[in-house]
Amino acid sequence: MEGSGLQGRCAVISIVATFRKPDGEIEKDFSYHEPISEAREAAEEDAHRYGWEFLSVEVVEEVQ
């Protein structure tokens, strides 16, 4: 059978927020499950709460 080559595989779409901690370490958090606009707001609030710098929120697709 012809196809895209993804037979038996699936794509997992996640929202990942990226932060910079005070020591310069980059932290990626995959725990956000809200729509992207709400995830950004939640991530900005989390950054403020933990004293981290908010860098970005993005959608990541991983084929498994």
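Q: Is arginine 49 buried or exposed?
A: Arginine 49 counts as exposed, at 54% relative accessibility. Buried means under 20% relative accessible area, exposed over 50%, and partly exposed in between (1.4 Å probe, protein chains only). This is a predicted model, where local features need pLDDT of at least 70, side-chain atom pairs count only at pLDDT 80 or more, and totals for chains, interfaces and linings use all residues. Residues are numbered from 1 along each chain as its sequence is written, and side-chain values use heavy atoms, with hydrogens and water left out.

Q: Which side chain does arginine 49 meet in a salt bridge?
A: That of aspartate 46, at 2.5 Å, N to O. A salt bridge here is a side-chain nitrogen of Lys or Arg within 4 Å of a carboxyl oxygen of Asp or Glu. Aspartate 46 counts as buried, at 15% relative accessibility.

Q: How far apart are arginine 49 and aspartate 46 in helix H1?
A: They are 3 residues apart, about one helical turn. Helices are DSSP runs (H or I, at least four residues), numbered from the N terminus.

Q: Where do glutamate 44 and arginine 40 lie?
A: Both are in helix H1 (residues 36-50), 4 residues apart. Glutamate 44 is partly exposed at 34%, and arginine 40 is partly exposed at 42%.

Q: New topic. What does lysine 21 pair with in a salt bridge?
A: Glutamate 27, at 3.3 Å, N to O. Lysine 21 is partly exposed at 21%. Glutamate 27 is also partly exposed, at 24%.

Q: How many salt bridges by this rule?
A: The count is 4.

How values were computed: Helix = DSSP H or I, 4+ residues; strand = E, 2+ residues; numbered from the N terminus.
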